[in-house]
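Dear colleague,

Please find the structure below, handed over for your further work.

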Amino acid sequence: MAQKALLFDLDGTMLDTDPLHRAVFAELLSPFGIEVDEAFYMENILGRLNEDMFADFLPDHPDPVGLSEEKEATFRRHLPRPYPETPGLSALVNRAEIAGWRLGVVTNAPRLNAEAMLDAVGLRARMEALVVGEECAHGKPHPDPYLAGMTALGASPETTLVFEDSASGVRAGAAAGAKVIGIRTNLTDAALRDAGASLTIQDFNDSALGPVLDALAGVPA
């Protein structure tokens, strides 16, 4: 029998690090004449792999890998520790552990960043799986990372809830066949639903999440 599981995106879902990412990208891309304001970040960077974004905007750069590594190292240096989690996250993790649900993270962030962020919110040891998009054949919005997360936890699409804040991440979770809950950190309810979210919530304390968790637990409506 498939395990019940919760799979979380990281940036913007478990913790709101997007303002920090946006500032680092703005500093990095300014010498190339690219202005990273909020609209540019939301449309072209949020939820994507660095290599995909650089291919679009810096196709002739001689060392895109080095540029990406510089960006992520700068992010890690500036990441405060500890860092506030999205409200209600630890309570949800507690409920999942009591219920015997499996827990994992699926992210397009590099592994070093993912480890740093999970340590910053104090949840690294409680996540049984950490799937990194750049280590899969395809990153989000392809379903590969979420399919890998389900496999790692022994779960199926029917027994998995995915939590995401970006359109590309929502598309990835939905394409993997899971029920996706959108977190309105950056995008509206309409934008997240258009990408494939079944429901959106403000944070993990949102009362709209309760019936979804009860349904996963098998509690009668």
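Please note that this is a predicted model.

I begin with the largest pocket. α4 (64-78) gives the most to its lining, with seven residues. The space in this pocket comes to about 520 Å³. Its lining is made up of 31 residues, and those closest to the centre are Asn50, Glu72, Asn108, Ala109 and Pro110. Besides α4, the elements that give two or more residues to the lining are α1 (18-29), α2 (38-45) and α3 (50-57). By residue class, the lining holds 13 charged, 11 nonpolar and seven polar residues.

The strands come next. Strand β2 (residues 102-107) is mostly covered, with five of its six residues buried. Strand β1 (residues 3-8) runs parallel to β2, and four bridges join the two; Leu6 has Leu103 in β2 as its bridge partner. β2 also pairs with β3 in the parallel sense, again over four bridges, and here Val106 has Val131 in β3 as its bridge partner. Together with helix α6 (residues 111-120), β2 and β3 make a right-handed β-α-β unit.

Finally, two peptide bonds deserve mention. Most peptide bonds are trans. The bond from Arg81 to Pro82, however, is cis, with omega near 0 degrees; Pro82 is placed in the loop between α4 and α5 (89-99). The bond from Lys140 to Pro141 is cis as well, with omega near 15 degrees, and Pro141 lies in the loop between β3 (129-132) and α7 (144-153).

Yours sincerely

Terms used: Residues are numbered from 1 along each chain as its sequence is written. This is a predicted model: local features need pLDDT of at least 70, side-chain atom pairs count only at pLDDT 80 or more; totals for chains, interfaces and linings use all residues. Side-chain values use heavy atoms; hydrogens and water are left out. On a 1 Å grid over the protein atoms alone, a cavity is a set of points where a 1.4 Å probe fits but cannot get out, and a pocket is an open set with protein on both sides within 12 Å along at least five of seven lines; lining residues have an atom within 4 Å of a point. Grid points are joined across faces, edges and corners, and a volume is the space filled by probe spheres set on the points. Ala, Val, Leu, Ile, Met, Phe, Trp, Tyr, Cys and Pro count as nonpolar, Asp, Glu, Lys and Arg as charged, and the others, Gly among them, as polar. Buried means under 20% relative accessible area, exposed over 50%, partly exposed in between (1.4 Å probe, protein chains only). Two strands pair if DSSP finds at least two bridges between them. A crossover is right-handed if, with the strands pointing away from the viewer, the path from the first strand over the helix to the second runs clockwise.
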